[in-house]
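Reader: Hi! Could you walk me through this structure with me asking as we go?
Author: Happy to, ask away.
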Amino acid sequence: MKARVPLIRGLESFFGTRDENIRLLESGLGVETRMTHDAFEIDGEAEAVARAESILRDYITLMEAGHKIPAGDVNSFLRVLTADETVTFRSLVESGKARNFGKKSLVPKTPNQRAYLDTIERHDLVFGIGPAGTGKTYLAVAMAVSALLNKQVTRIILTRPAVEAGERLGFLPGTLQEKIDPYLRPLYDALFDMIETEKVEKFLERNVIEVAPLAFMRGRTLNDSFIILDEAQNSTGEQMKMVLTRQGFNSKMVVTGDLTQIDLPPGKRCGLSEAVDILRGVEGVSVIQFDERDVVRNALVQRIVRAYERYNEQTGIGRQMSLKLDREQALPEPAAAGRAAAGPAEMDKPQSDS
């Protein structure tokens with residue numbers, strides 16, 4: 001089947017850098033496209049062609065209605081649209097209302113991102129779990145900034161475990177703050193992106209915004225606060241319980257983490273996965289699970305995440321089989337164990353074939 005969509009001025013913004021959006025449309029739906037002097041042609045199976053044509057015509061309709069959609073956002077939307085046939089381009093754009101977060105105006109780019117923001121508004125404790133680049137931390141900080149500026153809370157608490165990512169940094173010179181700042185830099189980056197530098201520094205001086213390692217949370221009660229625990233996959237079960245019980249009156253807490261990037265020492269159970277298991281179904285607690293379709297960084301990041309997931313699935317089976325073989329080899333064979341218990345004299349007796 002073949003479909004033709006007339007070319008109009010401005011449609012080139014749909015194509016993306018070096019036509020990356022067109023290649024995503026082709027690979028995602030299994031269609032072929034080509035450009036003529038007056039139309040954009042789509043060729044392939046009837047259902048796939050109809051889907052591609054619908055996406056393109058929705059984009060044209062939105063553009064004619066005055067929507068300006070950057071090529072990067074088109075790429076994010078296409079990844080959702082090619083994976084979920086129930087979603088339309090128009091619904092993604094129109095239902096994802098723009099939100100103001102300080103000096104930043106953001107539009108959630110995927111259904112999970114919209115659900116994440118809505119859930120944070122409605123629940124006191126939200127877990128955001130998923131791979132890198134899905135906006136878990138950034139959107140949580142945005143919601144915290146919005147709550148502070150709208151006077152819904154009086155302070156923001158940003159915390160994360162001070163765990164090296166597989167490295168050994170050794171002794172670090174400087175004050176305590178200088179030692180822990182490198183671990184907390186991603187949180188600072190998000191803050192400076194949404195609030196003027198001078199205002200952030202003033203908030204930090206007055207402790208209106210507090211950025212601290214997880215160990216500093218013990219023994220505190222955090223009222224009228226928006227608390228974000230980032231990189232929670234590197235917290236232990238004891239640390240997770242400690243920080244979850246810090247929440248006071250009129251407070252919200254968002255816990256973010258990626259269960260594929262755990263840097264805890266061997267033998268330590270991940271506090272994030274344990275908390276999700278324990279708190280599942282508890283009133284006031286919600287879990288949003290992101291996946292590679294929610295990655296809003298460079299499209300390459302999505303492919304990297306997917307490749308690692310495939311690798312982990314394949315090697316996970318191999319590791320399980322290897323561990324099983326190791327256990328079996330470590331156990332004495334029943335016959336050998338019986339001969340050992342019988343003593344040297346019994347072991348010298350010939351064994352019956354029966």
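Reader: Is Arg160 buried or exposed?
Author: Arg160 is buried, with a relative accessible area of 10%. Buried means under 20% relative accessible area, exposed over 50%, and partly exposed in between (1.4 Å probe, protein chains only). This is a predicted model: local features need pLDDT of at least 70, side-chain atom pairs count only at pLDDT 80 or more, and totals for chains, interfaces and linings use all residues. Residues are numbered from 1 along each chain as its sequence is written, and side-chain values use heavy atoms, with hydrogens and water left out.
Reader: Thanks! Which residue forms a salt bridge with Arg160?
Author: That is Asp230, and the closest N and O atoms are 3.8 Å apart. A salt bridge here is a side-chain nitrogen of Lys or Arg within 4 Å of a carboxyl oxygen of Asp or Glu. Arg160 sits in strand β7 (residues 155-160) and Asp230 in the loop between β9 (225-229) and α9 (237-244), so the pair ties together parts that are 70 residues apart in sequence. Helices (H or I, at least four residues) and strands (E, at least two) are DSSP runs, numbered from the N terminus. Asp230 is buried too, at 4% relative accessible area.
Reader: Nice. How many salt bridges does a search of the whole structure find?
Author: The search finds 10. One of them joins Glu41 and Arg4, with the closest N and O atoms 3.2 Å apart. This pair links distant parts of the chain, Glu41 in strand β3 (residues 39-43) and Arg4 in strand β1 (residues 2-6), 37 residues apart. Glu41 is buried at 12% relative accessible area, while Arg4 is partly exposed at 42%.
Reader: Which residues are linked with Arg4 and Glu41 in a network?
Author: Arg34 and Asp38 are linked with them in a network of salt bridges.
Reader: And what about Arg280, buried or exposed?
Author: Arg280 is exposed, with a relative accessible area of 57%. Its side chain meets that of Asp277 in a salt bridge (4.0 Å, N to O), and Asp277 is partly exposed at 47%.
Reader: Switching topic: at what angle do α1 and α3 pack?
Author: Helix α1 (residues 20-29) and helix α3 (residues 71-81) pack at about 5°, their axes 10 Å apart. Axes are lines fitted to C-alpha atoms, for helices over the stretch in contact, and angles run from 0 to 180 degrees between N-to-C directions. The contact (heavy atoms within 4.5 Å) involves residues including Leu24 and Leu25 of α1 and Val74 and Leu78 of α3.
Reader: Great, that's clear. Thanks!
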